[in-house]
Amino acid sequence: MTPLEAYYHARCEEYEEALRSVLHRISPEAIHSLRVAVKKIRALFDLINKPLSAFEFKKTFAPFKEAFKAAAAIRNLDITITLIKKLADKHDSNTTEILSLLKKKKRERIPELKHVTSIALSRGNIFSEEIAEIMRTSIAEQDILNFLEHVRLEIEDIAAKHPSVENMHTTRKLLKQYFYIAAMHGGSAEQTALGPLGAINTAQHLLGCWHDVVIAHGVLGELVASDALEKKIAAPVLDLLQDEEERRRTKARNALAEISFLNDNEVASN
């Protein structure tokens, strides 16, 4: 078994274990493990898809995407609940009605995630011998290096653009993808063409913390738009979230500036 196959096999085992954990008990930790496992598998499929145009990415990834999407719905609510609790404690705000509504929405989502998880496990072996064969026979060392360079150039291109929510979130996804494949390929090697793995991981983490606030703001905004929550009740919390988003955005962009080729880029000043 090649290192790439071994990595794929380990990720499939992680994914199956995460599915079983979610089915047993839905917790933020179990959902996080499930989503990370899917993201790592997606990075592998993207790696295969780059040199092999015949690889059916959408069809192959579809079963993983179902569980990922169902888990995201609950994770977004968990993120919002956690952030609002933290901000309420810090600013002495009354958020009882908001938290009660969010918890109700979460309970409503649980059956769907349980159903999707059960279906995913019922399909049988997650590890595909066919995909392992592709990795063994069709993906060479140079393909991995080419993929990493392709992702690096994508990040560089986005870094030169306006730091919109979409561009910053895309940067985070690409950084995670780069981190997963570079760590898999180089093991404990610290330095990559993009920069030190530690700096890359810190930047993507802080971008994730920033995006959590964006998600929470969106969740509350949707509740107001659907008339499930009165605007006057949500407004003070939305203001707090906006302030927190700006604080975390600055912190994330400062971390991005620590990555090699971004040091002299606009990312540090916008």
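Modeller: Buried means under 20% relative accessible area, exposed means over 50%, and partly exposed is in between (1.4 Å probe, protein chains only). This is a predicted model, where local features need pLDDT of at least 70 and side-chain atom pairs count only at pLDDT 80 or more, while totals for chains, interfaces and linings use all residues. Residues are numbered from 1 along each chain as its sequence is written, and side-chain values use heavy atoms, with hydrogens and water left out.

Colleague: Thanks! Is Glu14 buried, exposed or partly exposed?

Modeller: The relative accessible area of Glu14 is 31%.

Colleague: Which side chain meets Glu14 in a salt bridge?

Modeller: A salt bridge needs a side-chain nitrogen of Lys or Arg within 4 Å of a carboxyl oxygen of Asp or Glu. Side chains of opposite charge can pair when their charged atoms come close. Here the N to O distance is 2.8 Å, and the partner of Glu14 is Arg11.

Colleague: How many residues apart are Glu14 and Arg11?

Modeller: Helices are DSSP runs of H or I with at least four residues, strands are runs of E with at least two, and they are numbered from the N terminus. Glu14 and Arg11 both lie in helix α1, about one turn of the helix apart, which is 3 residues.

Colleague: Over the face of which residue does Arg11 lie?

Modeller: A charge sits over a ring if NZ of Lys or CZ of Arg is within 6 Å of the ring centre and within 35 degrees of the ring normal. Arg11 itself is buried, because its relative accessible area is 10%. At 4.4 Å from the ring centre, Arg11 lies over the face of Tyr7.

Colleague: How many aromatic pairs does a search of the whole structure find?

Modeller: Rings of Phe, Tyr and Trp (its six-membered ring) pair if their centres lie within 6.5 Å; planes under 30 degrees apart count as stacked, over 60 as edge-to-face and the rest as tilted. With that rule, the number of aromatic pairs in the whole structure is 9.

Colleague: What is the angle between the planes of Tyr8 and Phe127?

Modeller: Their ring centres are 5.0 Å apart, and the pair is tilted, with an angle between the planes of 35°.

The two residues come from distant parts of the chain, with Tyr8 in helix α1 (residues 3–24) and Phe127 in the loop between α4 (96–122) and α5 (129–138). Tyr8 is buried because its relative accessibility is 0%, and Phe127 is buried too, at 10%. So the angle to remember is 35°.

Colleague: How many disulfides does a search of the whole structure find?

Modeller: A disulfide is a pair of cysteine sulfur atoms within 2.5 Å. Cys12 is buried at 3%, and Cys209 is partly exposed at 22%. The search of the whole structure gives a disulfide count of 0.

Colleague: How far apart are the closest N and O atoms of Lys232 and Glu230?

Modeller: Lys232 counts as exposed because its relative accessibility is 65%, while Glu230 is partly exposed at 44%. In their salt bridge, the distance between the closest N and O atoms is 3.8 Å.
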